[in-house]
Amino acid sequence: MCEPREERYLGLAIYRLSKRIREEMQRADARDQIPQEIASSGWLIGLIARNEGDIYQKDLESMIPLAKSTITGIVQTLERGGFLRRIPVERDARLKKVVLTQKGQDFQKRSADRFRKLEDQLRAGISPEDLDCFSRVIDQMSENFEVKL
């Protein structure tokens with residue numbers, strides 16, 4: 001169970017942990033020679049990989065709270081890098097099916113392994129009960145920012 005600790009600024013502690021996680025991910029990107037523009041867009045590769053069934057660019061635009069032009073730019077960057085392809089649909093040439101290439105699938109697998117290792121590092125030495133408590137607390141902190149009507 002969590003032992004009482006000296007009072008400290010939670011926002012600062014969360015910021016510092018977030019910064020360390022980002023730095024660790026950047027070191028892993030550099031080790032794996034992943035260009036920054038691809039690394040910063042890797043989440044989209046994961047989203048496409050986890051999606052069951054066909055996914056179209058318009059689906060991405062409705063799923064992700066970013067401007068359509070931003071999504072288009074990210075998709076174009078990943079397509080230029082050889083991580084995905086946009087395939088026009090026969091019934092409607094305006095519709096573009098988004099498909100991961102083998103390079104994109106390999107990237108996703110390596111990324112999933114890296115995230116799993118990072119998660120293991122974060123969880124090391126922490127009891128399941130404390131992790132459960134932490135999850136509840138962090139969820140409540142997020143909810144504290146939701147607008148209450």
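Predicted model: local features only at pLDDT ≥ 70, side-chain atom pairs only at ≥ 80, totals over all residues.
**Helix packing and a loop residue: some questions**

Me: Which term describes α3 relative to α6, roughly parallel or roughly perpendicular?

Reply: The packing angle is about 100°. Angles of 65 to 115 degrees count as roughly perpendicular. So the term for α3 relative to α6 is roughly perpendicular.

Me: Which residues of α6 make the contact with α3?

Reply: From α3, the contact is made by G42, I45, G46, A49 and R50. By class, the contact of α3 with α6 has three nonpolar, four polar and one charged residues. On the α6 side, the contact is made by G104, F107 and Q108.

Me: What span does α1 reach from its first C-alpha to its last?

Reply: Helix α1 covers residues 10-31, which is 22 residues. At 1.5 Å a residue, the expected span is 32 Å. The model comes close to that, with α1 reaching 32 Å.

Me: Within what arc do the buried residues of α1 fall, seen down its axis?

Reply: The buried residues of α1 are M25, A28 and D29. Residues three or four places apart on an α-helix point the same way, because there are 3.6 residues a turn. Here the buried residues line one face of α1, so look down the helix axis and you will find them within an arc of 105°.

Me: Which helices are included in what covers the buried residues of α1?

Reply: Let's look at both sides of α1. On the other side, R16, R20, A30 and R31 are exposed. The cover over the buried residues includes α2 (36-39) and α6 (102-123).

Me: Is R31 buried or exposed?

Reply: R31 sits in helix α1. Its C-alpha atom is separated by 15 Å from that of K117, 86 residues apart along the chain. The relative accessible area of R31 is 56%, and the cut-off for exposed is over 50%, so R31 is exposed.

Me: What is the phi of Q33?

Reply: Q33 is found in the loop between α1 and α2, and it is exposed, with a relative accessible area of 71%. Most residues other than glycine have a negative phi. Q33 is not a glycine, yet its phi is positive, at about 55°.

Conventions. Residues numbered from 1 in each chain as written. Heavy atoms only, no water. Helix = DSSP H or I, 4+ residues; strand = E, 2+ residues; numbered from the N terminus. Expected span 1.5 Å × (residues − 1). Buried < 20%, exposed > 50% of the residue type's maximum accessible area, 1.4 Å probe, protein only. Arc of directions from axis to C-beta. Contact = heavy atoms within 4.5 Å. Axes fitted to C-alpha atoms, helices over the stretch in contact; angles between N-to-C directions. Parallel < 35°, antiparallel > 145°, perpendicular 65-115°, else oblique. Nonpolar A, V, L, I, M, F, W, Y, C, P; charged D, E, K, R; others polar.
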